[in-house]
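The structure itself is shown first.

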Amino acid sequence: MRYSYFPGCSMESTAKSYRLATEYVMGRIGVELVEIEDWNCCGATSAHTLSAAMGLALPARPLAMAELREPGLDIVTGCASCYARLRLSMHKARSDKAAKYLIENVIAMPYEAKREVYSFLDVLSGEEAAAAIKAKVTRRLTGLKAACYYGCLNVRPAEVTGAPDRENPMAMDRIVGLTGAEAVDWAFKTECCGAAHQNDAASVSRPLVWRILKNAQANGAEAVVTACPMCSLNLEMRQGGYRKHTGLPSMPVFSVLELLAVAMGASARQIALEAHHVPAAKALAAALRRSGGGVAI
Amino acid sequence: MSRIGVFVCHCGTNIASVVDPDRLTPAAREMPGVVYAADYRYMCSEPGQQMIKDSISEHGIDRIVIASCSPRMHETTFRKMLKGTSINPYMLEIANIREQCSWVHADKGRATEKAIGLVRMAVSKVSKNEPLYAQSIPITKRALVIGGGIAGIQAALDIADAGHEVVLLEREPSIGGKMAMLDKTFPTLDCSACISTPKMVDVGAHPNIRLMTYCEVESVSGYIGSFEVAIRQKARYVNHDICTGCGLCETKCPVKVDSEFNLGLSKRPAIYKLFPQAVPSKPVIDSESCRMLKDGKCGICAKLCPLGCIDYKDEARTVTESFGAIIMATGYQLVDWAAMYGEYGGGRYRDIISGLQFERTVNAAGPTEGHILRPSDGREPETVVIVKCVGSRDPKKGKSYCSRACCMYAAKHAHQILEKLPGSRVFIFYIDVRTPGKGYEEFYDQTRMDGAVYVRGRISKIYEEDGGLVCQGEDSLLGSQVRVRADMVILETAMEPSQGIEGLTSMLGAARDANNWIQEAHPKLRPVETQVGGVFLAGTCQGPKDIPDTVSQASAAAAKVIGLLNKSEMETSPMISAVERDKCSGCGACVGICPYKAITLQEIDDRLGAKRIKREVASVNSGLCQGCGACTAACRTGALDLLGFRNGQILEEVDALCL
Amino acid sequence: MSNANEKLDALLAKAGVRQYDCYQCGKCTGGCPMAQAMDLKPRGVMRCAQIGSLERILKSNTIWLCTGCQVCVERCPHDVDIPSLMEEARYAASDMGYERRDSKILNEVFVANLKMFGRNHEMLLAGLYNMIAVKPLQDMSSVPHMLTNGLVGVKPHETKNSESIKRMIERAENLSKIRL
């Protein structure tokens, strides 16, 4: 299993634990990530808001680079926002000749969109990867009740993502299940967390985070698991107001890769669990204790 | 040389105000073969017809053209008129100078030119017409009604009361259909069972009705007046000839599976009656869940039965019956909303139920004995949200049509909740409220006055939080997002045609519309007939409707059937396909293309030089052929021709226009 | 036809939206995560498109608060692509100078950032935005934690070829100045 890899800007900074866990897990299960040479930012929300051409071209450049250097490899990214932007450029280059022409002229490179863009969830849900995960899980996170948060952009719009179920996806729930943790049934898996406007419209965007956390807690979750560094950061960093607003306790937020890493034996230090804004190690340690191993994390 | 008469109708001012008869009639007089032409204000009227008849004898006319309205309107009228004259009714052509000319054009000069062209075409066609003679076919005085819901029951009773034999066929173990599942019916709130079960009993007792429950149609052949229908009696494993329906067997059966009648809200044994008032009131064994039939272990019911009715070796059998007419009354089912609406939980939340499940809940004979209790914990709900148009008016996820009964159904549900649970609150989310029926608007008004809160907006999401169901939508009259915390949610889901409708309609050759409902022959003028002669429609198999409309349509279909069965034989249209055997190569292209299954290949004796041979040629069944002409276009050798519309006649018309 | 309607029709055509597909059921507004903060709800946007009131759409805060989460079109019975309409409306509003101030600051800081480094420097983005938008304290309570744990740093992560990315962005900006 080999992929061209688009890390995305957060992976280099705020998503430290996510990055370390990704390296750890992918190494363990034999997924080789070939970082796209000289990749650039996908443009996130701002680029397409300013200009359609910029919105399409920024993600297309790294895709074209990947196509040039590793024409046989599909592309993978661990960020929902990058995923949506990359996939949209891929989709447009395939389905809309005018868009393809525009893209190629702006990036000044050919881009044929021959390979697929996948998310970590797609990659980890594959049969081979799932079998490898099963083989590498050495300790179980028994009873850890986790709410799998997919985010809006991992699943929508359907014609771009191809996601079969946009209201109650299950791919991450199944992966979490492999660690021995319990994925709870809840209702806000694909509701928007408002990450795009947490800077420029903070006061009205905060409640989006809160209602997600609230529904997770109301359905018995003790942690939220994400598949995106932006979702993670947003859900975690904006919990101050949540405690004040709802009176509910704060809630640890992990990436699904961190959960897998811990289940595969990674120590807290190896994946920098201390870097979490909301203390994260305690819930994992409790789950490991429940599994009977009494292993320190 | 033919002697043609042309008769131009003014249709009052409908034609004459645009097409000038003073130009058209003289022009017609000059056309080849025309010996007489005249115009008149109303050709279809008594004096108009008399004028034509007089002219025929006076001028020795042997064929006529009438320039008037569409042949759909009065062709039959003029054919009947010709029956009293010396000429054959098929020596007639209609030039449609109203719908296809005066009504659609404003320029009088050019419209008149066009009318002249239309008449010229008709004149040249009629010159090639030949006398045609209708055949008559015998009629089997017996009707088959497929489907034992209220539509089928009503139709069967009406036909039987008129003195004709009826077989009422139902695939479930009991008749009754959806109406038997309902509690009360809008807008009068009479109890559904009280008005439908007496009819069910009447059906069971009627000397002219033979009830065939737990049966399915296996194949259909034949045509109007003489259908042959193979009916499969599914294995019941209970001998109904001796069973008295005492019910002892049901009490000790160890199997418990979801009750179909209570829509999963309760369990039933493997040997069961569909519901207590079932007709026939005798059980069947469901072979998929019976332990004895699956594993050969159990046999309790056989031990218990005092009359020895249980027969585990019972097998399905097929009988073939003859009928003169068939009524389709196959009804509807509700869409599988859970598969369509992930945003409503996709079936994960037990306290979201369908309207029909609510009917069972509120029914005194239902699983909660009429107490409105939510399924998850058996508590009485304090707040209920009713969501309309779930699956209806949703071309993306569901059906584009309106299911028609749900607005009233929702109002009734709200009324029942507010009545049975004093102090409860009901919110009805709607897009439009549609109450076109007698007493319907008044019922809706009353429901609002009862305290039901109507909120205009389609619910976007329903989710569970802190033990309640949060219904999130827009109050579009207020223009703001609303969330209602409900203890129970009722989804008024869309109707769709019953499962199996595709197979049944293709056996009969009946058409379905874009939504799979059975297509009526004409939406306004022939609403209870299908395109297939002798096959009629009743109730929701034709499209969503409520009980009053269903019953009306059933009686209408019955009247059509009675009219047919009252004759001993009937005339068929002679304008059907004919085969010229010498030209037919027996390729069979026509067999596949015929939508009415009217053509078969038949072996005939022939000669090849001096040798006697056997070969296959097409043969048209005059009872089945509807004269559509598809086969004539498909025929490679030109052996098939449509009488009354022969290729030669059509070409003659084209020549008249173009040459 | 008035000039305003021609503009609206062109905008709808670019967005791939037929305004009369919408029958005002409100499922979009019902599910919109930002609806409560919007001065014109998503259904209202469609209503304005139906009655020809482009101005009201372009002056609304709605188009700037839309997060592009796509939940409206996902659930719309008539598959009306409201997010695409929002996007085209943002372009049109920018052209007319109706841009929402905070959005404009953020987006411009973001792109300036990309022009410098080719990648997003998160610390710089937040810092510059807070400074220009005069919100000095927003999210700043998290900064000490992020600095101690090395989540953000002063040193930017740069592409090797940030100059070429800058030129690419400028090409796109020039293209976007051409409006149909």
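The model is predicted. It holds 66 salt bridges over all chains, and the count of cavities of 30 Å³ or more comes to ten. Chain B is divided into four listed domains, namely domain 1, domain 2, domain 3 and domain 4, while chain C is divided into domain 1 and domain 2.

**Domain organisation**

- In chain B, domain 1 spans residues 4-126, domain 3 spans 334-496 and domain 4 spans 577-643.
- Domain 2 of chain B is assigned in two segments, 142-331 and 498-565.
- A distance of 35 Å separates the C-alpha centres of domain 1 of chain B and domain 4 of chain B.
- In chain C, domain 1 covers residues 3-95 and domain 2 covers residues 101-174.
- The C-alpha centres of domain 1 of chain C and domain 2 of chain C are 30 Å apart.

**Backbone geometry**

- Most peptide bonds are trans, and most residues other than glycine have a negative phi.
- A cis peptide bond joins B:F186 to B:P187, with omega near -5°. The proline, B:P187, sits in the loop between strand 8 (184-185) and strand 9 (190-191) of chain B.
- The peptide bond from B:V279 to B:P280 is also cis, with omega near 0°. B:P280 belongs to the loop between strand 15 (271-272) and strand 16 (284-285) of chain B.
- A:A272 is not a glycine, yet its phi is positive, at about 50°. This residue lies in the loop between helix 13 (256-263) and helix 14 (281-290) of chain A.
- A:A272 counts as buried because its relative accessibility is 2%, which is under the 20% limit.
- B:E369, likewise not a glycine, has a positive phi of about 55°. Its position is in the loop between helix 12 (355-362) and strand 21 (383-390) of chain B.
- B:E369 has a relative accessible area of 60% and is therefore exposed, the threshold being over 50%.

- Side chains of opposite charge can pair when their charged atoms come close.
- B:D351 and B:R374 form a salt bridge in which the closest N and O atoms are 3.6 Å apart. B:D351 lies in the loop between helix 11 (337-340) and strand 20 (352-354) of chain B, and B:R374 in the loop between helix 12 and strand 21 of chain B, so the pair ties together parts that are 23 residues apart in sequence.
- Both partners of this pair, B:D351 and B:R374, are buried.
- C:D102 takes part in a salt bridge with C:R101, at 3.5 Å from N to O.
- C:D102 also forms a salt bridge with C:K135, where the closest N and O atoms are 2.9 Å apart. This pair links distant parts of the chain, 33 residues apart: C:D102 is in helix 8 (residues 101-117) of chain C, and C:K135 is in the loop between helix 9 (122-132) and helix 10 (143-148) of chain C.
- With a relative accessibility of 14%, C:D102 counts as buried, whereas C:K135 is partly exposed, at a relative accessible area of 21%.
- A network of salt bridges links A:E167, A:E191, A:R211, B:K461 and C:R75.

**Cavities**

- Rolling a probe the size of a water molecule over the atoms shows where empty space is left.
- Ten cavities of 30 Å³ or more are counted, and the largest cavity contains about 150 Å³ of space.
- The largest cavity is lined by 14 residues, of which A:T14, A:A15, A:S232, A:E236 and A:H276 are the closest to its centre.
- Helix 1 (16-29) and helix 11 (229-237) of chain A each supply at least two residues of the lining of the largest cavity. Helix 11 of chain A provides the largest share of this lining, with four residues.
- By residue class, the lining of the largest cavity comprises six nonpolar, five polar and three charged residues.
- Domain 1 (2-120) and domain 2 (137-290) of chain A each contribute at least three residues to the lining of the largest cavity.

Conventions. Residues are numbered from 1 along each chain as its sequence is written. Chains are lettered from A and ligands numbered from 1 in the order in which they are written. This is a predicted model: local features need pLDDT of at least 70, side-chain atom pairs count only at pLDDT 80 or more; totals for chains, interfaces and linings use all residues. Side-chain values use heavy atoms; hydrogens and water are left out. Domain bounds come from an automatic or database domain assignment. Buried means under 20% relative accessible area, exposed over 50%, partly exposed in between (1.4 Å probe, protein chains only). A salt bridge is a side-chain nitrogen of Lys or Arg within 4 Å of a carboxyl oxygen of Asp or Glu. On a 1 Å grid over the protein atoms alone, a cavity is a set of points where a 1.4 Å probe fits but cannot get out, and a pocket is an open set with protein on both sides within 12 Å along at least five of seven lines; lining residues have an atom within 4 Å of a point. Grid points are joined across faces, edges and corners, and a volume is the space filled by probe spheres set on the points. Ala, Val, Leu, Ile, Met, Phe, Trp, Tyr, Cys and Pro count as nonpolar, Asp, Glu, Lys and Arg as charged, and the others, Gly among them, as polar.
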